[in-house]
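Please open the model in your viewer and keep the selection panel at hand. The tour below goes from one selection to the next and says what is found at each stop.

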Amino acid sequence: MSASSDHANSVFASVVQAPEDPILGVTVAYNKDPSPDKLNLGVGAYRTEEGKPLVLKVVRKAEQLLVNDPSRVKEYLPITGLADFNKLSAKLIFGADSLAIQENRVTTVQCLSGTGSLRVGAEFLARHYHQRTIYIPQPTWGNHPKVFTLAGLSVKTYRYYSPNTRGLDFQGLLEDLGSAPAGAIVLLHACAHNPTGVDPTSDQWEQIRQLMRSKGLLPFFDSAYQGFASGSLDADAASVRMFVADGGECLAAQSYAKNMGLYGERVGALSIICKTAEVASRVESQLKLVIRPMYSNPPIHGASIVATVLKDRDLYNEWTVELKAMADRIISMRKQLFDALQARGTPGDWSHILKQIGMFTFTGLNANQVAFMTKEYHIYMTSDGRISMAGLSSRTVPNLTEAIHAAVSSVA
Amino acid sequence: MLLRNGCAGRILKSGSFRSMSTSWWKHVEPAPKDPILGVTEAFLADPSPDKVNVGVGAYRDDNGKPVVLECVREAERRIAGNLNMEYLPMGGSIKMVEETLKLAYGENSDLIKEKQIAAVQALSGTGACRLFADFQKRFSPDSQIYIPVPTWANHHNIWRDAHVPQNTFHYYHPESRGLDFASMMEDIKNAPNGSFFLLHACAHNPTGVDPTEEQWREISHQFKVKGHFAFFDMAYQGFASGDPERDAKSIRIFLEDGHLIGCAQSYAKNMGLYGQRVGCLSVICEDEKQAVAVKSQLQQLARPMYSNPPVHGALVVSTILGDPELKKLWLTEVKGMADRIIGMRSALRENLEKLGSPLSWEHITKQIGMFCYSGMTPEQVDRLTNEYHIYMTRNGRISMAGVTTGNVGFLANAIHEVTKSA
């Protein structure tokens with residue numbers, strides 16, 4: 001069969017248009033909206049009280065240091081990324097006094113933010129781990145299932161969120177993990193669960209840990225909000241450190257997108273804690289084989305900024321202050337929204353707004369109510385009723401309150 | 001109560017049940033070192049003051065130092081402190097992609113005007129190839145990829161990890177150290193109609209051997225007869241001849257013939273942005289509607305891999321290419337790099353001939369781009385490393401970018417010594 005003369009037929013002629021990404025698609029729709037009152041509570045990117053994106057002062061300082069350093073070159077990083085960055089990232093999440101680090105049992109590789117860390121970790125598991133099923137909480141970040149599926153894992157869910165209490169379905173969680181096959185992988189949100197904002201208590205984490213270790217379930221932590229949830233880097237890493245302290249193995253994906261505001265720079269790290277240093281070394285070599293055919297080596301800019309901040313005591317301290325300020329503003333937005341709904345007399349129990357933690361509130365609004373709020377009030381959020389508190393300000397709380405009130409009053 | 005166990009200082013909570021003495025990863029084999037990146041690791045570990053690295057393809061100036069282009073420094077000065085670091089769209093920086101397509105397809109390309117090109121920012125050339133391979137697997141699931149022999153080693157890894165079966169086609173002719181054109185054309189003819197081929201647009205890696213313009217026309221014609229799909233990996237535009245337009249000739253020939261090609265572009269070498277991981281994947285479609293559909297699907301593949309691409313390098317590229325002065329400066333600097341390499345090719349060849357080498361070294365100056373396929377055997381390469389502390393990949397590929405007026409004599413002498421009795 002000869003190709004036609006002038007213009008070949010495309011071999012991809014039958015490719016259909018993919019649906020918009022449910023999360024990123026919200027911003028696309030928001031951008032198209034001409035209304036001056038529009039409010040974007042979709043993607044989880046921090047906004048100031050003025051509704052502006054924020055570049056942290058320490059990041060600006062780090063950038064200047066890098067730009068003004070004539071000795072800096074832009075050569076390829078090693079496949080595993082910037083060594084300093086890796087060490088500092090491991091210390092950040094596992095603690096400076098972590099035995100696992102001291103014993104060289106941790107391999108850390110720089111990856112493209114949380115997504116990239118999860119994908120590389122999942123690819124490694126699909127190739128080298130004896131169990132190819134990962135249990136993810138119901139609900140979870142919309143991109144999780146695709147990341148794991150494309151990596152070659154099969155995805156199951158465990159109960160997590162209870163719509164009735166708008167809190168943790170702890171019994172359901174224990175039952176589902178309890179009936180998982182021995183050795184299955186379990187995705188755990190280290191803190192500030194996305195999208196619900198519902199986290200286990202410290203006691204509940206301990207019970208989860210014991211159950212998982214008794215069944216040999218492999219923990220895979222997604223830590224996208226360390227420092228952002230409570231304002232304390234150490235407190236937000238407590239769940240991870242609890243698991244590491246018992247000497248068992250686990251994986252942890254870290255992102256600096258939110259807590260250092262480096263979103264578009266794609267900075268993250270994957271750590272795998274192993275039984276021995278020797279095992280960790282072999283694991284690292286296999287991680288390289290996953291990375292090399294994906295993108296060869298990770299981007300240098302963002303990681304350099306992070307390393308600059310983490311290794312300098314003053315910059316680090318400044319960072320913790322700026323981080324706490326972001327977390328505090330979000331906590332204050334929660335209070336403002338809750339108080340406003342109470343004052344308005346909006347039907348329902350809205351205390352979950354105060355109890356949930358981190359960037360998001362799982363409002364409990366259904367898809368119809370969300371669509372109503374978008375259409376009538378130009379308020380954008382994901383259809384699961386998740387709102388980004390980071391996108392709220394004192395100025396916009398009244399409008400949101402009105403919209404929620406109208407939605408729950410008039411839309412089933 | 002915490003009990004300290006004797007093994008490796010593990011702390012066992014008294015409620016802990018399972019014996020945790022074995023690792024889940026006991027069975028994990030140590031992976032072989034990457035053949036290319038492993039060379040630099042070995043080089044760095046060598047304490048010899050005379051060591052020479054002609055391994056990895058990263059440009060060096062005549063002092064053997066890495067180079068940050070002036071246009072890049074200026075772009076970075078402009079960028080620092082200015083913009084925020086918000087997420088790019090999944091498809092990356094639109095401005096960067098627009099400028100990048102112009103480079104590949106021409107400033108006034110109709111394909112760009114008609115919006116027939118599905119294009120996304122990718123993680124340098126590797127990322128662009130991988131996205132395409134994943135896309136190929138998903139939307140042409142029965143297809144295979146034909147890869148030239150030899151090629152950049154990572155090409156095999158990329159299509160393998162995308163689960164696309166691989167074939168090879170003849171390319172390099174060892175005896176002449178040139179192109180095995182006849183066998184290549186045979187392979188193109190014998191491949192089933194509608195096969196997917198990976199082609200190096202210019203400055204073939206690792207051989208430096210490119211088809212002539214006339215040969216490209218014949219290849220393109222045969223591709224039309226067979227209805228083959230051409231995927232171009234263009235990692236060295238500007239770096240081969242010094243002129244980006246000239247280096248894109250192969251692609252332009254295919255476009256003239258109406259092929260709907262795919263193309264991976266990288267700014268790693270030609271803008272010296274190596275570690276920033278900036279590149280672009282484009283797929284030419286029949287019309288705008290198709291291009292929109294294809295682009296949306298490429299984004300679906302990027303989202304579960306890294307969500308959206310890094311912003312910094314893309315900003316550098318769009319700052320440079322979007323400013324006529326900076327773009328002019330860039331073109332000058334690219335030509336400078338290409339010219340230095342061409343100069344080193346001449347110097348290396350002259351030195352070897354002056355030493356009275358019994359072999360022909362004509363191929364050093366005939367080959368083009370960053371690499372020279374010397375024709376040396378792995379054993380000869382090992383001798384170069386062990387006896388002379390000269391580092392290169394064992395396929396005999398020399399990165400000419402690592403050759404300087406300071407080391408070319410030493411290099412020529414060493415090569416002569418290990419090859420003179422060949």
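Begin at the interface of domain 1 of chain B and domain 2 of chain B, where six residue pairs, both members at pLDDT 80 or more, are in polar contact (a pair of N or O atoms within 3.5 Å, one able to donate a hydrogen and the other to accept it, with residues adjacent in sequence counted only if both atoms are side-chain atoms). This is a predicted model, in which local features need pLDDT of at least 70 and side-chain atom pairs count only at pLDDT 80 or more, while totals for chains, interfaces and linings use all residues. Residues are numbered from 1 along each chain as its sequence is written, chains are lettered from A and ligands numbered from 1 in the order in which they are written, and side-chain values use heavy atoms, with hydrogens and water left out.

To colour the two parts, select 35-67 + 339-419 of chain B as domain 1 and 88-322 as domain 2, bounds that come from an automatic or database domain assignment. Their contact (heavy atoms within 4.5 Å) takes 19 residues from domain 1 of chain B and 18 residues from domain 2 of chain B. Between them the domains bury about 1,500 Å², 63% of it on carbon and sulfur atoms; buried area is the accessible area (1.4 Å probe) that two parts lose on being put together, summed over both.

Now bring chain A into view. Which residues of chain B lose the most area to chain A? They are B:Trp25, B:Met85 and B:Tyr87, together 11% of what that side buries, within an interface where the two chains bury about 8,200 Å² between them. The contact takes 93 residues from chain B and 100 residues from chain A.

Four salt bridges are counted between the chains; to see one of them, select A:Arg47 and B:Glu86, whose closest N and O atoms are 2.6 Å apart. Finally, with 22 residue pairs in polar contact between chain B and chain A, both at pLDDT 80 or more, highlight helix H11 (288-306) of chain B, a DSSP run (H or I, at least four residues) numbered from the N terminus. H11(B) gives twelve residues, the largest share of the side of chain B that touches chain A.

Note on methods:
Salt bridge = Lys/Arg side-chain N within 4 Å of Asp/Glu carboxyl O. Helix = DSSP H or I, 4+ residues; strand = E, 2+ residues; numbered from the N terminus.
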